[in-house]
Amino acid sequence: MTDHAAPGPRPGSPRQAQDLRLSDVRKSYGAFTAVHGIDIDVAAGSLVSLIGPSGCGKTTTLRMIAGLEPLSSGRITSGAVVLSDGALSVPPERRDMGMVFQTYALWPHLRVADNVGYGLRRRGMNRTEVAERVRQVLAIVGMEHLADRYPGQLSGGQQQRVALARAVASQPRILLFDEPLSNLDAVLREQMRFEIRRLQQELGITSVYVTHSQDEALALSDRIVVMESGRVVQSGTPTEIYDRPRNAFVAGFIGLTNILDLSGASLKGGVLTGSYHGTPVMAAAGALDRAGGATRRISVRPTDIRIAGPDAPAKAGVNRLPGTVASTVFTGGLVDTFVAPDADPLALIRVQSAPPAPAGQGTRVTLEFDPARSVALED
């Protein structure tokens with residue numbers, strides 16, 4: 001999806017990165033509303049991930065950006081150019097965008113070089129220019145030595161690199177990713193995650209990346225937009241989203257967490273204080289400006305909890321919950337320890353730490369966690 005602008009001096013790079021803005025964008029199918037008036041800003045040269053469960057509206061949003069779905073209302077702009085609004089929709093091929101698909105979408109009967117150069121030839125570039133551009137973008141993705149192979153002779157990771165090369169060959173101002181790594185195995189997904197980030201930063205292309213993987217979103221993004229039921233529930237940097245989730249949905253979708261319900265909650269000096277089944281617990285206020293009801297929920301990450309001995313001396317300003325280890329699970333680089341707290345024996349609090357396991361099943365322990373790393377939720 002590119003226009004007919006002449007090639008720039010740096011092969012594979014955009015002529016000039018553009019910002020992208022979605023303003024009150026809505027998409028309805030009859031009585032069903034898939035996207036509810038969302039606002040998203042993508043700064044020029046940055047990568048923003050749209051993340052959420054299946055059916056949350058992230059792919060529909062990407063298709064509206066690409067021009068593959070009309071808006072029901074709202075506006076999408078790139079720089080000063082209106083791409084879509086109630087009266088106008090620029091065709092996909094004139095939006096100056098490249099797209100990387102989940103299924104790679106390579107022509108099986110064309111060699112790698114021909115797949116990458118296909119769009120350039122359609123734009124009227126001469127054979128010499130196409131060959132040089134193809135060589136240079138294949139070199140960027142480390143596939144120059146496989147230019148004469150066919151897609152069926154490549155691994156999944158290699159095919160995805162070809163798809164990336166094809167998307168950037170036409171020097172788009174905006175690059176769109178539709179869950180491009182979901183068909184790869186775990187090791188390849190991690191490798192390609194870093195490749196995509198390196199390429200996006202090296203070329204400085206404004207990018208929108210759709211994924212359901214929290215790891216991809218955290219590793220790739222300048223900003224993350226978390227969607228649920230067609231709405232944006234929180235947006236921010238990866239650190240902000242992870243460390244200061246607004247509600248239980250965000251806390252549980254972006255990373256692992258423990259949700260604790262506090263009764264008798266009160267807010268003072270940026271600290272929420274309450275009782276977890278009779279045990280005093282404090283947490284950072286997060287986005288709360290008032291305690292609200294008598295019950296509040298807090299999020300505590302498993303990596304932010306330390307397991308101490310049952311008789312460990314109390315530390316000032318540190319939350320403490322005594323309990324019993326219910327089970328431990330070794331997952332390679334981490335050990336998951338599940339503790340049943342005395343305050344609520346039917347609950348299990350998850351703790352993650354480096355091996356070896358800090359305590360065995362049936363061991364009495366004390367859970368310690370810093371209020372500053374415990375976040376009050378808006379729920």
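How many helices and strands are there in the protein chain?

1. There are eight helices and 20 strands in the protein chain, where helices (H or I, at least four residues) and strands (E, at least two) are DSSP runs numbered from the N terminus. The model is predicted: local features need pLDDT of at least 70, side-chain atom pairs count only at pLDDT 80 or more, and totals for chains, interfaces and linings use all residues. Residues are numbered from 1 along each chain as its sequence is written, and side-chain values use heavy atoms, with hydrogens and water left out.

2. Confidence. The average pLDDT (the predictor's confidence in each residue, from 0 to 100) of the protein chain is 90, and 94% of the residues score at least 70. Over residues 1-12, however, the pLDDT is below 50; this stretch has 40 contacts in the model beyond near neighbours in sequence, a contact being heavy atoms within 4.5 Å.

3. Overall dimensions and burial. The C-alpha trace of the protein chain spans about 80 × 45 × 35 Å along its principal axes. Of its 379 residues, 48% are buried, that is, under 20% relative accessible area with a 1.4 Å probe and protein chains only.

4. Helix 2. Within helix 2 (residues 112-122), the buried residues are Val112, Ala113, Asn115, Val116, Gly117 and Leu120. Their cover includes helix 3 (127-140) and helix 4 (156-169).

5. Packing of helix 2 on helix 3. The two helices pack at an angle of about 125°, with their axes 9 Å apart; axes are lines fitted to C-alpha atoms over the stretch in contact, and angles run from 0 to 180 degrees between N-to-C directions. Helix 2 is therefore oblique to helix 3, since angles under 35 degrees count as roughly parallel, over 145 as roughly antiparallel, 65 to 115 as roughly perpendicular and the rest as oblique. Helix 2 contributes Val112, Ala113, Val116, Gly117, Leu120 and Arg121 to the contact, and helix 3 contributes Val130, Arg133, Val134, Val137 and Leu138.

6. Nonpolar cores. A nonpolar core is a set of buried Ala, Val, Leu, Ile, Met, Phe, Trp, Tyr and Cys residues joined through side-chain atoms within 4.5 Å. The largest has 38 residues, and Val116, Leu138 and Leu164 have the most contacts inside it. Helix 4 gives the largest share of this core, seven residues. A second, separate core of 27 residues includes Leu20, Val42, Leu71 and Ile174.

Definitions and conventions:
Buried means under 20% relative accessible area, exposed over 50%, partly exposed in between (1.4 Å probe, protein chains only).
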